[in-house]
Amino acid sequence: MGLEEAQVAEVYFPASHDFGSGYLVSPRLVLTARHVVATALSNRGLPEPPAGPLTAGQIGQLAADLPRCRVRLLGRREGRPFQDAVPVWWRDDVDAALLAVLDGADVFWEAAPLQTGQIWADLAGADPVDCLAVGFPIADAEASVRESRELDGTILPLSQYKRGHWVIHGRGTIGQPPAGATSAWAGMSGAAVFADGMLIGVLRFDAEPSDPRRMELWAEPARAFADDAGFVRWLRADGGRGAWAHSPVSPQQRIRLRGLTHGHDTSSVRLLTRRLRSGPIPAVSIDDDTGFGARLVGRGPLLADLHAAL
C-alpha cells in the first residue's frame with residue numbers, strides 16, 4: 001500500500017493553537033511530528049501500551065489524565081469532523097509521535113476502507129528518490145479552512161547526512177506566507193513521507209522559512225522511530241501483528257529490481273527475490289512451476305545484479 005487519501009490527517013492543539021499534519025497508520029493511531037503536539041505531552045512520561053487489543057475504553061481512561069488534541073482526516077468540501085485524541089507515544093530525541101483517537105474513531109474511516117498493514121522502509125545508497133507527502137501548510141489556508149497540499153519532491157540521501165534527516169527538494173512553488181506566519185510551510189510538519197509506496201519518514205521543518213522559493217524541507221527518517229519497542233507495541237495493539245512491517249528492500253532497490261526484471265512473470269520474480277535475500281543459493285533450488293528461476297540461472301549478469309540490488 002502507498003499513501004492513501006483517506007488516511008491523511010490534520011492535527012490541532014486548541015490550548016496553544018499549534019497545528020500540523022499527520023497520517024492514520026492504524027484504526028485509531030495517527031502518526032505526526034512530536035514538535036506539533038509538544039505542548040500536549042504529559043510530563044508524567046509515556047502511557048503503557050495495552051497487552052491486548054486497544055479499545056475505546058482504554059483510550060478514554062488515558063484521556064482523563066492527558067491533554068487532548070484534535071484530529072480529522074482529509075475530506076472534500078468541509079471535510080470530516082474533528083475527533084479528540086491524546087498522545088500515547090513519543091521520544092525526546094525523535095521528532096515523531098503517535099496520537100490515539102477517542103470514542104467514535106470509526107467516524108474517521110467509515111467513508112472509505114482503512115488500508116491496514118503499513119510498510120516502512122529506509123533508503124540505501126546515494127541514488128535520488130522521488131517522494132510524496134500530503135499535509136496542510138498555512139500558505140494554502142483559505143479563511144478558516146486549511147486546504148491540503150501534495151508535496152512532490154526528490155530526496156538526495158547523502159545531503160545533510162551528519163544531521164541524520166532527509167532533505168526533500170520540492171517541485172513547483174508554495175507562495176508567500178500570510179502576514180504573521182513564520183513559514184509558508186507551517187502546518188505541513190507531521191505529514192508522512194512515502195517513496196515507492198512505502199513510508200520512509202515524517203516531515204519536520206522548512207529549511208529556509210524566510211525564503212519560500214527554496215522549496216527544501218527536512219524529514220525525520222522512519223528508521224529513527226519505526227522499530228522502537230513502545231511504538232511497535234502500540235501499533236500492534238491497535239492493528240494486530242501485521243499492522244507495521246519493515247521492508248527488507250529499499251525504494252531504490254525496488255526500482256532497480258523492476259528495471260532488471262521488466263517483462264518477467266511477477267510471481268516468479270517475488271519467489272526468486274525472497275530466496276536471494278536469504279543468501280547464496282544453488283541453481284537447482286530457484287526453479288519453480290514457470291521455469292523462470294531455471295532460465296535465470298543461465299543469465300549470470302542478471303542474477304548477480306539481483307543479488308547486488310538486494
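In β6, the bridge partner of Leu29 is Ala100. The model is predicted, so local features need pLDDT of at least 70 and side-chain atom pairs count only at pLDDT 80 or more, while totals for chains, interfaces and linings use all residues. Residues are numbered from 1 along each chain as its sequence is written, and side-chain values use heavy atoms, with hydrogens and water left out. Helices (H or I, at least four residues) and strands (E, at least two) are DSSP runs numbered from the N terminus.

**Confidence**

- The chain has a mean pLDDT of 81, and 77% of its residues reach 70 or more; pLDDT is the predictor's confidence in each residue, from 0 to 100.

**The barrel**

- Strands of a sheet pair through backbone hydrogen bonds, either parallel or antiparallel.
- Here 6 strands close into a barrel in the order β1-β2-β3-β6-β5-β4, with antiparallel pairing; two strands pair if DSSP finds at least two bridges between them.
- From one strand to the next, the twist averages 40°.
- Helix α1 (residues 56–63) lies across β5 (83–91) and β6 (94–101), and runs at about 80° to β5; axes are lines fitted to C-alpha atoms, for helices over the stretch in contact, and angles run from 0 to 180 degrees between N-to-C directions.

**Strand β3 and its neighbours**

- Strand β2 (residues 18–26) and strand β3 (residues 29–32) run antiparallel and are joined by 4 bridges.
- The two strands form a hairpin with 2 residues between them.
- Tyr23 has Leu31 of β3 as its bridge partner, and Leu24 stands opposite Val30 in β3.
- β3 also pairs with β6, in the antiparallel sense and over 4 bridges.
- Both faces of β3 are covered, with Leu29 and Leu31 buried on one side and Val30 and Thr32 buried on the other; buried means under 20% relative accessible area, exposed over 50%, and partly exposed in between (1.4 Å probe, protein chains only).

**Salt bridges**

- Side chains of opposite charge can pair when their charged atoms come close.
- The whole structure holds 16 salt bridges; a salt bridge is a side-chain nitrogen of Lys or Arg within 4 Å of a carboxyl oxygen of Asp or Glu.
- One of them joins Glu48 to Arg233, with the closest N and O atoms 3.0 Å apart. This pair links distant parts of the chain, 185 residues apart: Glu48 is in the loop between β3 and α1, and Arg233 is in helix α3 (residues 229–239).
- Glu48 is exposed, at a relative accessible area of 56%, whereas Arg233 is partly exposed, at 41%.
- Between Arg149 and Asp140, which also form a salt bridge, the closest N and O atoms are 2.8 Å apart. Arg149 is buried at 18% relative accessible area, and Asp140 counts as buried at 15%.
- Arg171 forms a salt bridge with Asp152, where the closest N and O atoms are 2.9 Å apart. The pair links distant parts of the chain, 19 residues apart, with Arg171 in the loop between β12 (166–170) and β13 and Asp152 in strand β11 (residues 149–155).
- Arg171 is partly exposed, with a relative accessible area of 40%, and Asp152 counts as partly exposed at 34%.

Conventions:
Contact = heavy atoms within 4.5 Å.
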